[in-house]
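Welcome, and please take a moment to look over the model below. The notes that follow walk through a few of its local features.

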Amino acid sequence: MKFLPRLIAWELTGMCNLNCVHCRASAQKERDPEELSTDDIKKTIDNIASFSTPVIILTGGEPLVREDIFEIAKYSTDRGLKTVLGTNGTLITPEIAKKLKESGIKRVSISLDGASPDAHDAFRKRDGAFDGAMRGIETLKDAGIDFQINTTVTKQNLDEIERVFDLAVRLGAVAHHIFLLVPTGRGKAIEDEEIPPAEYERVLGWMYEKQKEMEGKGHGSMRMFMKATCAPHFFRVVDQREKENGGRGLLQRVGRGRLDAMSKGCLGGTGFCFISRKGDVQPCGYLPVTAGNIKETPFREIWEDSKLFNDLRDPKKLKGKCGRCKYKLICGGCRARAYAKYNDYLEEEPYCVYEQRPDLV
């Protein structure tokens, strides 16, 4: 099976104008002197484009604080890569939206962790964050740029999720991506805010129902794509629910060599990777294990030859109940949570409630 990068999240900076308590990046107010230069980034874009055409997600921190953001976006676009932006939305003005469109940005993700100023601002630890995000969304709409809503789920905002979903539909988002907290970075300090496994299961069941609703009539005349992020066992839930409803199930619909973002849980090292602001290449932003650094080794060599990525591409190396599970090809468990708990990225997923019957092993 040939593995090519399909999505690359690129942390351009650690700087941010907010101070979100769950932040993976532990965002900073001053620029890190070790951040990749514009030339470093362009050189790696050239290397990526030489053998693949992934979606490039420009993120941070807050990527809009980098003065060269539009230059980077245009360079990536001109090299034939679909380029998108992840932002908190508060810095988007009509002028910035115009520059984003001119640079070729195809979609912007805006983080909304509550459906009201009180809920979102409490989560983001900044008064006015909600109103700023909403202004950013309206400005993107005026500029004709597609946007999606990203929501991180914790105990603090668990009751807000359905309201955020309804708001995303009303606003006209093309997608709603729900992130289930992985306690790394600043988020490690709120590890007790991670919802328990049983609640994860309930949220994933709700997501399945909403996804089916969007595939049908949707809300009004609109359809919106939903995606569970950092919850690979969602695809096990999909398989189980489809079979309960008389369908074939996901396992039978997905053939070897055809696993993708729509049919496989953890893509870390198989179709997805993360490039840090210092150039470290990791399976994802939540798994602090490095496959190599682009200042020292070309990206393609890291992607194809690193032991870390090749470990993650071999489901036979998974341990514990993940290694025994019939769903390991479409789920794979969250390697970041396994690493956080066991200090071993091949260990079993600690937040999955599924226990396979011994006779099915």
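## Around helix α4

The buried residues of α4 are covered by parts that include β4 (107-111), α5 (129-143) and β5 (146-153), where contact means heavy atoms within 4.5 Å. Helices (H or I, at least four residues) and strands (E, at least two) are DSSP runs, numbered from the N terminus. This is a predicted model, in which local features need pLDDT of at least 70 and side-chain atom pairs count only at pLDDT 80 or more, while totals for chains, interfaces and linings use all residues. Residues are numbered from 1 along each chain as its sequence is written, and side-chain values use heavy atoms, with hydrogens and water left out.

Which residues of α4 are buried? In this helix, residues 117-124, they are His120, Asp121, Phe123 and Arg124; buried means under 20% relative accessible area, exposed over 50% and partly exposed in between (1.4 Å probe, protein chains only). Seen down the axis of α4, the buried residues fall within an arc of 160°, so they line one face of the helix. That arc is taken from the directions from the helix axis to the C-beta atoms. After α4 comes Lys125, with a positive phi near 60°.

## Aromatic rings

The structure holds seven aromatic pairs. Rings of Phe, Tyr and Trp (its six-membered ring) pair if their centres lie within 6.5 Å; planes under 30 degrees apart count as stacked, over 60 as edge-to-face and the rest as tilted. Tyr200 and Tyr351 are edge-to-face, because their ring centres are 5.5 Å apart and their planes stand at 75°. Tyr200 belongs to helix α7 (residues 197-215) and Tyr351 to the segment after α13 (335-342), so the pair ties together parts 151 residues apart in sequence. Tyr200 counts as buried, at 1% relative accessibility. The charged end of Arg337 sits over the ring of Tyr351, 5.9 Å from its centre; for this, NZ of Lys or CZ of Arg must be within 6 Å of the ring centre and within 35 degrees of the ring normal.

Phe51, Phe299, Trp303 and Phe309 form one aromatic cluster. Both Trp303 and Phe309 are buried, and Arg313 lies over the face of Trp303, 4.6 Å from the ring centre.

## Strand β1 and its partners

Four of the five residues of β1 (residues 7-11) are buried, so this strand is largely enclosed by the rest of the structure. Strands pair if DSSP finds at least two bridges between them. β1 pairs with β2 (residues 55-59) in the parallel sense over five bridges, with Thr59 in β2 as the bridge partner of Glu11. Four bridges join β1 to β8 (residues 272-275), and these two strands run parallel. Here Leu7 stands opposite Phe272 in β8.
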